[in-house]
Amino acid sequence: MRLSTVKIAGRATWGVVEGDTFRDAGTALALHYPDLKSAIAAGLAGVSEAAASASATPLSEVEWLPVVPNPDKIICVGLNYEMHRRETGRTEVENPTIFARYANSQIGHLAPIVRPKVSTELDYEGELAVIIGRPGRYIARAEAMNHVAGYACYNDGSIRDFQRHTHQFTPGKNFPDTGAFGPWMMTPDELGPLNDLRLQTRLNGQVVQEANFSQMIFDIARQIEYCSTFTRLEAGDVIVSGTPGGVGAKRTPPLWMKAGDIVEVEIDRLGVLHNPIVDEIR
């Protein structure tokens, strides 16, 4: 299944994407599952059946919201491709580099990423988002993939000068309207094996990042194992699994996103996340 959270005529709901149509399962199941996160926590029980008889809306008429607008946690993994580690000059590490993003910094597909008025150093980071389905603590690596509800495209838009203020990444990763998440999540049974899938980021149609998931330093199972050690993972939590090399900050000259640009993150078989860039109103 492909599942998303949207607005239809100003009303937020969630449901199933089938071809060019959105099926409003959220309204049909509102009594039991008021949002997609609660449906994920229930193992998506009854969602296919509800979607089959739910009202249908053309995708052209929906407003896309972040796939899971209200996760308990968004855990981001940094420096998780060797090319990106090398371009940053960071040393090799034995464990994943972790930072957090806040839910209210997120936007959906087609919504504008906002370059804040306090910086011109807005960078792209195309990534795979992993949505947790089954909660757990101290999850063994061998069992980790059984805790995944689905996958989505993510753009971890970064304000680089604020990121460099200290050794901690948090400020530069949490400006409002910088984390794009969507258009939908796809369940693992539909997406299939990850390793050979390609991630590509394009800025104004030009490829700026490209990698296969087999090139991750820490694979998804290791990320889940590690993150579940220091925190309890909950249904609907999001792990943003790292970006490949080619970020704008490490180019000569640097390549910053600016108003009027279009950035896209595409993952084979999964879809394309498309966002324009605008300036914050000064």
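**Exercise 1. Determine whether Asp123 and Arg160 are buried or exposed, and describe how their side chains are paired.**

Solution. Asp123 is buried, and Arg160 is buried as well, where buried stands for under 20% relative accessible area, exposed for over 50% and partly exposed for the range in between, computed with a 1.4 Å probe on protein chains only. The model is predicted, so that local features need pLDDT of at least 70 and side-chain atom pairs count only at pLDDT 80 or more, while totals for chains, interfaces and linings use all residues. Residues are numbered from 1 along each chain as its sequence is written, and side-chain values use heavy atoms, with hydrogens and water left out.

Next, consider the pairing: Asp123 and Arg160 form a salt bridge whose closest N and O atoms are 2.8 Å apart, the term requiring a side-chain nitrogen of Lys or Arg within 4 Å of a carboxyl oxygen of Asp or Glu. This pair links distant parts of the chain, since Asp123 lies in strand β10 (residues 122-123) and Arg160 in helix α5 (residues 160-163), 37 residues apart; helices (H or I, at least four residues) and strands (E, at least two) are DSSP runs numbered from the N terminus.

**Exercise 2. Identify the residues that touch the most other members of the largest nonpolar core, and list the contacts of Leu128.**

Solution. A nonpolar core is a set of buried Ala, Val, Leu, Ile, Met, Phe, Trp, Tyr and Cys residues joined through side-chain atoms within 4.5 Å. The largest one has 49 residues, of which Leu128, Phe213, Ile224, Ile239 and Leu270 touch the most other members. Helix α7 (residues 220-230) gives the most to this core, with four residues.

Turning to Leu128, and leaving aside residues up to four places away in sequence, its contacts (heavy atoms within 4.5 Å) include Tyr151, Leu194, Phe213, Met216, Ile239 and Leu270. A second, separate core of 29 residues includes Leu36, Ile40, Val68 and Phe181.
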